[in-house]
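Here are my notes after a look through the model. Have the structure open while you read, and follow the points in order.

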Amino acid sequence: MKKLIRLLPIAMLAMACGGGQQTGDQLVTDGADSTSEALKQKTKKIFRTIPSPMQTASLLQDAGAEYDTDILSDPNTWRNYTTASKQAINLGVYGADLSYASIFNQTQESMLFTAAAQNLAKNLGISSAFSDSTLQALQDAKEDRDKLIDIVTTTYWDMDGYLKEEGRSHLSALMIAAGWTEGLYIATQVAATKPNDALRQRIAEQKLSLGDIISLLGDHPDDQAVQGVIADMKALQTLFEGVNTGAAATTTSTNASGVTVIGGGTPATLTDDQLKALRDKAASIRNAYIQ
């Protein structure tokens with residue numbers, strides 16, 4: 001997990017093929033700007049506020065959700081994604097689905113999503129994140145939930161770190177946005193069938209993460225694929241406008257035991273209509289991404 005913090009704080013892979021890059025909607029580098037200290041600091045700040053797919057999956061399990069394979073993407077369609085932007089987007093989707101399958105101990109499906117992500121990572125030239133040692137570690141940890149979570153989470157953020165190190169942070173941004181969208185899609189699908197106040201609260205809190213994602217994507221104004229995803233995120237942002245994200249604690253007091261008590265905060269809330277609107281839009285966006 002320390003490695004995760006070093007890179008990040010979040011998302012996914014290393015370039016096995018250095019040098020030559022694809023062009024257009026293929027592989028391009030961001031140049032010196034992406035390595036500026038200011039951008040690094042901004043990215044770090046943003047990453048710390050966006051939940052990883054594994055965190056979202058953990059929340060779903062804690063909320064009492066049951067595993068539902070029907071809401072996940074098809075791990076066999078990775079060959080359909082032929083452009084770098086589409087590969088990065090679906091790497092994020094597969095990362096979220098892999099997290100979901102792993103945390104529910106669905107070993108067979110976890111391996112299918114791992115293989116799909118590995119193939120996309122290879123196509124993007126960052127296959128080192130899914131090296132033979134990583135795959136062996138996943139196999140060895142299949143009965144150890146905590147270890148499995150650590151491996152998947154670290155791999156996810158390693159991919160992000162590798163992309164940025166190679167000056168392809170626009171692909172990293174696409175991957176993060178798509179992974180977040182898949183998490184929102186799964187969470188809203190589950191919330192619609194299994195009412196849970198804690199899950200609704202976490203969905204409402206994503207209003208704050210969404211603003212950070214749009215900011216992250218905004219660092220790449222010249223990339224057409226990124227602009228398309230920004231439009232999707234802003235459509236979601238419109239639906240989030242009326243969502244109450246709660247308020248931070250505002251009061252402190254000391255009880256008879258001398259313990260300081262913090263209070264005054266209010267939890268985030270989400271109405272039935274808001275949940276339905278977010279569920280429908282998240283599904284529409286996500287289904288377009290996996291086409």
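How many aromatic pairs does the structure hold? Keep in mind that this is a predicted model. The answer comes in point 1.

1. The structure holds 4 aromatic pairs. In one of them, Tyr67 with Tyr100, the ring centres sit 5.1 Å apart and the planes meet at 25°, so this pair counts as stacked. The cut-off for stacked is under 30 degrees. Tyr67 is in the loop between helix H3 (53-62) and H4, while Tyr100 belongs to helix H4, so the pair ties together parts that are 33 residues apart in sequence.

2. Stay with Tyr100, which has a relative accessible area of 1% and is therefore buried. Its ring also pairs with that of Phe104: the centres are 5.1 Å apart, but the planes are at 55°, so this pair is tilted. Phe104 counts as buried too, because its relative accessibility is 13%, and the cut-off for buried is under 20%. Put together, Tyr67, Tyr100 and Phe104 make up one aromatic cluster.

3. Next, Ser85, which you'll find in helix H4 (residues 84-103). Is Ser85 buried or exposed? With a relative accessible area of 7%, Ser85 is buried. Have a look at Asp223 as well: Ser85 and Asp223 are 138 residues apart in sequence, yet their C-alpha atoms are 9.7 Å apart in space.

4. Ala141 deserves a point of its own. You'll see this residue in the loop between helix H6 (132-140) and helix H7 (145-165). Ala141 has a relative accessibility of 1%, so it counts as buried. Leaving out residues up to four places away in sequence, Ala141 touches Lys147, Leu148 and Ile151.

5. Searching the whole structure turns up 3 cavities of 30 Å³ or more. The largest cavity holds about 70 Å³ of space. Its lining consists of 11 residues, and Ser102, Ser110, Met111, Leu138 and Leu148 are the ones nearest its centre. Leu148 is also among the residues that Ala141 touches.

6. Which elements give two or more residues to that lining? They are H4 and helix H5 (107-123), and H5 gives the most, with 4 residues. By type, the lining of the largest cavity divides into 4 nonpolar, 6 polar and 1 charged.

Notes
Residues numbered from 1 in each chain as written. Predicted model: local features only at pLDDT ≥ 70, side-chain atom pairs only at ≥ 80, totals over all residues. Heavy atoms only, no water. Buried < 20%, exposed > 50% of the residue type's maximum accessible area, 1.4 Å probe, protein only. Phe/Tyr/Trp six-rings, centres within 6.5 Å; stacked < 30°, edge-to-face > 60°. Contact = heavy atoms within 4.5 Å. 1 Å grid on protein atoms, 1.4 Å probe; cavity = no way out; pocket = protein on both sides within 12 Å on 5 of 7 lines; lining within 4 Å. Points joined across faces, edges and corners; volume = space filled by probe spheres on them. Nonpolar A, V, L, I, M, F, W, Y, C, P; charged D, E, K, R; others polar.
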